[in-house]
Structure formats: structure tokens, C-alpha cells
Amino acid sequence: MSCWDTLGQYAFRSLGIGERLLPRSDFTLCQQFTLIGSGMIWNIYFGLLSLVAGFFFANALAMAKASRHAWLRKPAEWFIFVFRGSPLFIQFFLAYEALVMLPRAGIVLWGLTVETSWLTKAWAGALIVLFLNTAAYSAEIFFGALRSIPKGDLEAADAYGLSGWAKFRRVQWPTMLRLAWPAYTNEAIFLFHATTLVFFSGFPAFQQRGDALYYANYFADKTFNPFVPYPIVAFYFICLTLLVIWLFGVVNTRLNRHLPANTRSRIRLRPQIIR
């Protein structure tokens, strides 16, 4: 079987497209690259959806934590403290116990059962854990940036007659994003790396369509050689990290385009005329 045939059969196996049976022997480097790359689709799915949803929730949490009203501030503070103070793997474990193990034991929570609840699958249950975790960390980043907005910017907004929603939309929120974006870039990178914990979380993969670590572990068990599949996983994540850095760098350039240091000065020709 050529490498092109392998790509055609296994490139989208993690989505249920192509060959269903995994290779049993004579594993080639192309098969390992193809199947682990196919599993990366799920890692990107977990990271991308939790990052997008967590971004908006984190903004709301940061605003609530900065509120003067205790009924808004206290729940946000406790939510952030709980998810930042506990390990992510423990959060996966508790979610797995609540969503999968308890329904299997006949203890029904919120009407969930193993047969009917989509939350018992990795594509939903693990996604919720990643979403809540990144929202807590990102909210703390945004809250710190919100508190670091220069006082002169707020005074200038007041001088222009901006207040309320207009002041927040045109001054506070853009400045908060500009200040928080470098730290938020790191959080995005850590989030994509954290998607590898889904394999160890206990959540069942959808119809045995696992992530990158699922296929890497399969090849390591079959060949008794972890020094090929796991470096392939690392290679894919390095490429993904470079892509995230580039995309967030483009956004960072856009957010800081108005600063004098980022403005290209035009070359002005001033010929010397005979005095």
C-alpha cells in the first residue's frame, strides 16, 4: 500500500470517514503520521471551540469580578478561584464521575442517563471542562488588564463625554484586549496542549474515533516503541503552536496598530535647494 492510499483510507478516520479497521501489523511511518494527524482533528476541535466560547464567558466573568455589586462580584471570584485552584485533571475526573459513572450506577443527576445523555461522550463532556477551565484563567487575565487601563485613557473618555456602554465599547474593552493579548496568547497555547488530557480523562471516544494521543498510544502498544509515535504527536503540536502564535500575532498587530511605535513613517523627500 502506497502512502497516497494510506492517506485516502485513514486521513479522516477520526471523523468516521474511510477505513474503519486499524492496521494490525507492518506499521509504516506514513500510517503513523496519517492516523495521528487524523486524531489531531479532535484536539483542534476541543481547543478551538473551548477557546472561542471561553473568550466570551471570560469577558463576562472579568466584568462581573470588577463590578461594585457583591451579587455579581462574589460568584465570579469563587468560580475563578475554584477552577484556577484545582488541577485540570481532577476537574476531568470529577466531571467523568458526575456525568458517566454515577448514571451507570443508577444515580441520575439532572435527568442524565448513559443511554440518552450526550454529555457522557468525550466530544461534549470533556469540551465543557476545557471551556470552564480556560474561561476561569482567561477571566483573571482580562481582569488584570482591566485594572491596568491607564487612568489617562479613562479621563480622556470622560472629557469627550463618553460614559456607560459607549465608554466601555470604545475605550475600556479595546484597551483591555490590547493589554491582555500577549498573556492570552499563552493561555491559548496551554489550552491546545491540555487537550491531550482528554485521552486520560476516561470519557469514551465517539465510536472509537480518538484524538492524536489515542492513535499514538495504539502504535506504541503494538510496536513496543514509544519513540516514534509520541515524537510525531509532539511535531504536530509544535506546528499547531506556531500557527496559534502567528494568528494571535496578527490580531495583536491589529490591536496595536494605532500606537506610534507600530506606525511606519513615510519617507519624505526634502531636496536641498540652493539658498
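Axes are lines fitted to C-alpha atoms, for helices over the stretch in contact, and angles run from 0 to 180 degrees between N-to-C directions. The model is predicted: local features need pLDDT of at least 70, side-chain atom pairs count only at pLDDT 80 or more, and totals for chains, interfaces and linings use all residues. Residues are numbered from 1 along each chain as its sequence is written, and side-chain values use heavy atoms, leaving out hydrogens and water.

**View 1. Packing of helix α3 against helix α5.** Helix α3 (residues 70–85) packs with helix α5 (residues 122–147) at an angle of about 115°, the axes lying 9 Å apart. α3 is therefore roughly perpendicular to α5 (65 to 115 degrees). Helices are DSSP runs of H or I, at least four residues, numbered from the N terminus.

**View 2. Residues in the contact of α3 with α5.** On α3, the contact (heavy atoms within 4.5 Å) is formed by Phe79, Ile80, Phe83 and Arg84, and on α5 by Leu132, Asn133, Ala136, Tyr137, Ala139 and Glu140. These residues comprise 7 nonpolar, 1 polar and 2 charged. Ala, Val, Leu, Ile, Met, Phe, Trp, Tyr, Cys and Pro count as nonpolar, Asp, Glu, Lys and Arg as charged, and the others, Gly among them, as polar.

**View 3. The disulfide of Cys3 and Cys30.** The whole structure contains 1 disulfide (cysteine sulfur atoms within 2.5 Å). Cys3 is joined to Cys30 with an S to S distance of 2.0 Å. Cys3 lies in helix α1 (residues 3–10) and Cys30 in helix α2 (residues 29–65), so the pair ties together parts 27 residues apart in sequence.

**View 4. Accessibility of cysteines.** Cys30 is buried at 16% relative accessible area, whereas Cys3 is partly exposed at 39%. Buried means under 20%, exposed over 50% and partly exposed in between (1.4 Å probe, protein chains only).

Technical notes:
Helices (H or I, at least four residues) and strands (E, at least two) are DSSP runs, numbered from the N terminus. Angles under 35 degrees count as roughly parallel, over 145 as roughly antiparallel, 65 to 115 as roughly perpendicular and the rest as oblique.
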